[in-house]
Amino acid sequence: MTMQTVGRPTRPEGAAESAGFQSLTGGRGLLQDEPLIFELGGWTKSGVDLPPVSEDASDLDGLTRASVDLPGLSEPETMRHYVRLSQKNHAIDLALYPLGSCTMKHNPRLNEKAARMAGFADLHPLAPLATAQGALELMDRLAHWLKTLTGMPAVALTPKAGAHGELCGLLCIKAAHEAAGQAHRRTVLVPTSAHGTNPATAAFVGYNVTEIAQTPDGRVDLADLAAKLGPDVAAIMVTNPNTCGLFERDIIEISKLTHAAGAYFYCDGANFNAIVGRVRPGDLGVDAMHINLHKTFSTPHGGGGPGAGPVVLSAALAPFAPAPWVVHGPDGLTLLEEPAQDATQAFGRMSAFQGQMGMFVRAYAYMRSHGADGLRQVAEDAVLNANYIKARLSDVMSPAFPDGPCMHEALFDDSWLEGTGVTTLDFAKAMIDEGFHPMTMYFPLVVHGAMLIEPTETESKRELDRFCDALRALAAAAQAGDGERFKDAPHLAPLRRLDETLAARKPKLSWKQGAALA
Ligand SMILES: *Cc1c(COP(=O)(O)O)cnc(C)c1O
């Protein structure tokens with residue numbers, strides 16, 4: 001075994017020497033270097049005692065393999081490997097995670113406790129429904145609160161992420177148009193600031209995507225929308241609050257124009273965290289909207305758990321919702337699985353079983369522990385925190401839309417960096433050296449060098465001040481021409497500036513014995 005004696009350095013070149021320290025093992029301090037699990041363990045070793053292999057002649061006609069090259073490690077070695085890897089990952093449980101649009105929320109432990117209850121955690125998706133009444137009741141109640149909070153009459157629980165929810169919503173819209181003899185509607189209108197999943201989903205469903213222009217103050221351009229709405233348009237996809245962190249003031253007008261043109265209004269609800277308990281999308285004329293349980297309703301994501309993207313639907317689209325859904329039968333709760341009863345027009349299914357049950361439990365626990373007033377306060381605090389950051393940074397950085405307050409995220413452009421030689425990327429990477437995870441960079445695309453900061457409502461003023469102080473100090477360094485601090489940053493992370501383009505374009509997804517990974 002060669003634990004800690006192989007592998008890549010955990011320190012940037014030169015850092016160890018300058019501290020007068022020479023690591024023999026690749027670890028430093030108590031932070032251990034970590035090779036791949038294949039480099040740690042060999043196939044000749046096993047974490048369990050297996051009986052000796054019998055010497056009988058194999059039936060495999062010479063196809064027997066001498067090795068399957070699985071990494072063999074003892075249980076403690078395996079445990080340490082994964083705990084070390086977890087220490088190299090940024091997490092909401094470690095520090096502020098200001099990724100705009102992604103809504104990285106604290107995951108309350110109460111939710112985790114509920115999700116681990118055996119009746120939920122150990123339930124098989126094919127268990128007889130008579131033995132799963134509690135789980136069905138939870139799904140039914142979750143559906144009830146999602147419908148109540150959005151003011152929409154139906155919800156499809158099964159989509160497994162926001163993007164999957166978009167697909168579900170557009171498939172409902174497609175089915176509704178087909179049922180009404182409107183299959184010739186082939187275009188979906190999407191604002192220029194939209195999240196990439198919106199046009200991607202529309203294209204995936206087979207629609208043509210047309211962009212709607214944005215006004216100088218970051219909203220949908222109504223005149224451009226009106227000009228592009230026509231008999232070929234199936235739907236619009238609008239995010240509210242939009243990805244510039246701004247409320248679409250003309251949302252009612254947008255929905256009226258859309259419906260008058262015979263199209264449906266798909267709302268990207270990923271930003272529901274900013275308005276939950278304050279605004280019901282159903283009152284705004286929305287026909288379909290996905291809700292990221294892993295954003296608004298605090299279920300873990302970003303490496304911590306699977307997503308869940310239930311889609312609420314208007315009365316017009318409800319008949320086309322995918323199966324299954326929970327119905328109250330004479331013998332208790334049951335699942336409507338087949339195109340029968342209310343589901344004769346269901347467009348199909350979004351997943352093999354009932355959706356992300358563990359996330360349903362967490363989201364429901366979150367709703368019930370907050371209550372209606374608590375959820376409203378979530379939205380209010382999210383908006384307050386973002387505006388605090390906007391106010392504290394606007395004199396040193398340039399807000400993309402300086403006029404008026406923002407919603408749950410503060411958006412800056414890079415005009416304030418002009419002439420400093422420092423880019424948005426340099427600035428974001430230098431934040432890592434200060435102990436802060438960067439904000440979302442270069443999105444939305446309509447803002448040059450965008451820096452989108454979403455501070456989560458659970459962050460305290462003290463933490464927000466620490467964050468703002470660090471950014472103000474970095475901004476001052478950039479203005480003072482301290483280019484070294486930014487060039488090649490991060491300087492203190494285990495790995496320095498990575499070639500992310502190359503990593504995305506030519507990912508190395510396989511491992512070969514002895515092959516260099518550099
Ligand atoms: C996160 C997000 C999505 C996609 O959600 P996933 O769960 O990541 O698929 C779509 N739109 C917006 C605005 C988002 O922030």
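Predicted model: local features only at pLDDT ≥ 70, side-chain atom pairs only at ≥ 80, totals over all residues.
At 39% relative accessibility, Arg280 counts as partly exposed, a class that lies between buried, under 20% relative accessible area, and exposed, over 50%, with a 1.4 Å probe and protein chains only. Its partner is Asp283, whose side chain meets that of Arg280 in a salt bridge at 3.0 Å, N to O, and Asp283 is itself partly exposed, with a relative accessible area of 47%. By salt bridge I mean a side-chain nitrogen of Lys or Arg within 4 Å of a carboxyl oxygen of Asp or Glu.

Residues are numbered from 1 along each chain as its sequence is written, and side-chain values use heavy atoms, with hydrogens and water left out.

Helices here are DSSP runs of H or I of at least four residues, and strands are runs of E of at least two, both numbered from the N terminus. Glu34 and Arg84 are both buried.

How far apart in sequence are the parts that Asp465 and Arg392 tie together? Their side chains meet in a salt bridge at 2.9 Å, N to O; Asp465 lies in helix α13 (residues 461-479) and Arg392 in helix α11 (residues 357-393), so the bridge joins parts that are 73 residues apart. Asp465 is buried, at 15% relative accessible area, whereas Arg392, at 21%, counts as partly exposed. Both belong to a network of salt bridges that also links Lys461 and Asp469.

Let me turn to helix α8 (residues 197-205), where Asn198, Thr201, Ala202 and Val205 are buried. Seen down the axis of α8, the buried residues fall within an arc of 100 degrees, taken from the directions from the helix axis to the C-beta atoms, so they line one face of the helix. An α-helix has 3.6 residues a turn, so residues three or four places apart point the same way. What covers the buried residues of α8 includes α7 (162-179), β2 (187-191) and β3 (208-212). After α8 comes Gly206, with a positive phi near 100 degrees.

Methods
Contact = heavy atoms within 4.5 Å.
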